[in-house]
Amino acid sequence: MNITNKDNINLYYEMLRIRMIEEAIATHYANQKMRTPVHLSIGQEAAAVASGFALRKTDYAVSSHRAHAHYLAKGGNLNAMIAEIHGKVTGCCRGRGGSMHLIDPSVGFMGSTAIVGNTIPIGVGLGLSLQLNQDNRICCIYLGDGAIEEGVFYESLNFAVLKKLPILFICENNLYSVYTPLHKRQPLNRKIHEMVAAIGAKTALVTEGYDVLACVDALQDMSAYVRSGNGVGFVEIYTYRYREHCGPNYDNDIGYRHIAEYESWLAKDSISLFQKKLIQEKIINPDELEKITSKIKAEIECAFEFAEKSVFPDKIEATSGEYAKKIQEEVICVN
Amino acid sequence: MRQLTYTAAINEAMHIAMKTDDKLLCYGLGTDDPKNIFGTTLDLQKKFGAHRVFDMPTSENAMTGVAVGLALGGYPSVMSHQRLDFFLLAMDQLVNSAAKWHYMFGGQYNVPIVIRLILGRGWGQGPTHSQNLQSWFAHIPGLKVISPTSAYDAKGLLLSSIRDPNPIVFLEHRWLHNSVSEVPDLDYEIPIGKAKVVQQGTDISLVGMSYMTVEAMRAAAYLSQFNVNCEVIDIRTIRPLDVDTIFDSVRKTKRILALDTSQPMCSVASEIISRVSGHLFSQLKSAPQLIANPDNPEPTSFGLTKYYHPTAGDIVARVASMLAIKIPAMPESMRPHDVPGDWFKGPF
């Protein structure tokens, strides 16, 4: 791994940017202007940012309900995302999708959807299209530990391995599916990456998922493996969401997880740790940190202003748009 | 003109479509096996290569999602399933992905996929190999649902379905597979969303779909001997439904009997009756009616299916009652009640 100082600063910048955007959403949420469920990635930024670093803009990516960080790390347009959560016509789906449906084809982010496991086979199909094109792009499928339990995961992985498709699975294992812990859903001694290896993918595990450089290391290696035409790669990353499953608040008080567990992850917060490291190694100084923070703050303020000033879609859009229209060509039509 | 079977017409449409769009893919369990999905995929792999025509794992849900991903990546697909009932495993990808993608992402992408589902009745197919679930699919905005009756329509509708930018559920009744009609060897399309008046008439509109159109024609032929002139309509497309053609017919005949291949609850026939009642109630001379299967699962036993599926004889009796006239019961067909013809010897 060859990470320059500039790379280090970029990684820090991207993690902080995603954190601050998500926190701004949480802060503004009470205003009742974002009237749709949000699943915040706060705590899980390292994996997302590392994947953005390992992937190219031209690579495809698909994701699930907790997709803000993936979309942003891949380079997705911030204004279009915030406007989408506000239901505005300038949103990335014209207000038809909301937080759980993000798309920015200009950076290869081909869609996130709300049903657990739903985009896994779609990513596999995109991977097959790349193989048919014979180009050297790859498709990244973001998923969580819950999606592993869906039948479609096995079906998709089986087909991807069978066809040796250029697909990189990034599984963020954050230990919970809504409020249900992993040990109530999967056998204790069976590791996700080991099961996947048995099905035939090349796998890697990052236990220190809060360490952005550890994530970069694993994801760069695996994306290079996939890009070289070797077939499917799968990286499992242990991580943790700080806030509630769905919504802007904390939910440690309801009793589904131990406060000690939460605090142990918080103590290893990816952004704080990385900031400390960059300062210690004199890669960045406090002034520069301050500048970065203000720059991001200004960008976020602009995005919220853009969203609030944007209009809702015209009312005709509530009752139209079902079908794509055919581009007329010359054909013999008979009845 | 040249005559073709329904399956040969489907196969010919596939050859034309694969030739005119070099991005089009064709897959499904059994696509290149010795039986070629009842002959419908015959020689496709030989002609267009294993990268475009291939067999697939028994993974209906994932493969439907793969079709969505392929479409987003620029490759339209025709995916075939030998029994509709197995495709029920794919509802997430059909309903949440394929049907929604265009709308949900603000119209940025189209999802051109044709999903061929073969359905049927009789010969012991039983509760889970015979379901005609057209009304399920018809309920979902974003899908188009096609159900051709003749070989001629099957070819033209398959070509227009493949060239449509939307996801399409293409339903083929197994009992129609060996039926024959005139089929031009041209590349022709039949518009989606357009019903066909199969026979003009003045006394009653029989609105059929798929195999029930065949039973309707049998009933109409018999009824004509008693000076009852039936207008027979084959709806051909289930969603979007061509209500205008149905309304025009009922304005003329003032009576409607809708014929379904499935159970009556929330059926396509009940939808047709609802639309006609809402729009033309005051013009009707008798209560609009429908004929469908009994409202319980299809039995397997030869001894039971006889009392399960509606036939031309049931249509004749119902028409007589709606017209308040006496017509002798239609003689029963000589062939066993559970096969479409002598060609069908099972097993599926």
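Accessible areas here come from the Shrake-Rupley method with a 1.4 Å probe, and for residues only the protein chains shown count as cover. On that basis the accessible surface of chain A comes to about 14,500 Å², of which 51% belongs to carbon and sulfur atoms. This is a predicted model, in which local features need pLDDT of at least 70 and side-chain atom pairs count only at pLDDT 80 or more, while totals for chains, interfaces and linings use all residues. Residues are numbered from 1 along each chain as its sequence is written, chains are lettered from A and ligands numbered from 1 in the order in which they are written, and side-chain values use heavy atoms, with hydrogens and water left out.

**Chain totals**

Helices (H or I, at least four residues) and strands (E, at least two) are DSSP runs numbered from the N terminus. Chain A has 11 helices and nine strands. Its radius of gyration is 20 Å, close to the 20 Å that the globule rule gives for 335 residues, so chain A is as compact as a globular protein of that length. The radius is taken over C-alpha atoms, and the rule is 2.2 Å times the number of residues to the power 0.38. In chain B the secondary structure comes to 13 helices and 15 strands. For chain B the radius of gyration is 20 Å, close to the 20 Å from the globule rule for 348 residues, so this chain is as compact as a globular protein of that length.

| Chain | C-alpha span | Buried residues |
|---|---|---|
| Chain A | about 75 × 50 × 45 Å | 55% of 335 residues |
| Chain B | about 60 × 45 × 40 Å | 62% of 348 residues |

Chain B exposes about 12,800 Å², and carbon and sulfur atoms supply 57% of that area. Contact means heavy atoms within 4.5 Å. Among contacts with a separation of 6 or more, residues 24 or more positions apart account for 74% in chain A and for 82% in chain B.

For charges, Lys and Arg count as positive and Asp and Glu as negative, without His and the chain ends; each charge is placed at NZ of Lys, CZ of Arg, CG of Asp or CD of Glu. The mean positions of the 35 positive and 39 negative charges of chain A are 2 Å apart. In chain B, the centres of the 31 positive and 32 negative side chains lie 4 Å apart.

**Local features of chain A**

Helix H2 (residues 45–54) of chain A has eight of its 10 residues buried, so it is largely enclosed by the rest of the structure. Among these buried residues are A:Glu45, A:Val49 and A:Ser51.

A:His193 lies in helix H7 (residues 192–199) and, at 13% relative accessibility, counts as buried. Its side chain makes a polar contact of 2.9 Å with the side chain of A:Glu236. A polar contact is a pair of N or O atoms within 3.5 Å; within protein, one must be able to donate a hydrogen and the other to accept it, and residues adjacent in sequence count only if both atoms are side-chain atoms. Leaving aside neighbours within four places in sequence, A:His193 is in contact with A:Thr203, A:Ala204, A:Leu205, A:Phe234 and A:Glu236.

**Local features of chain B**

B:Asp234 lies in strand E12 (residues 230–234) and counts as buried at 2% relative accessibility. A polar contact of 3.4 Å joins its side chain to that of B:Thr213.

Technical notes
Buried < 20%, exposed > 50% of the residue type's maximum accessible area, 1.4 Å probe, protein only.
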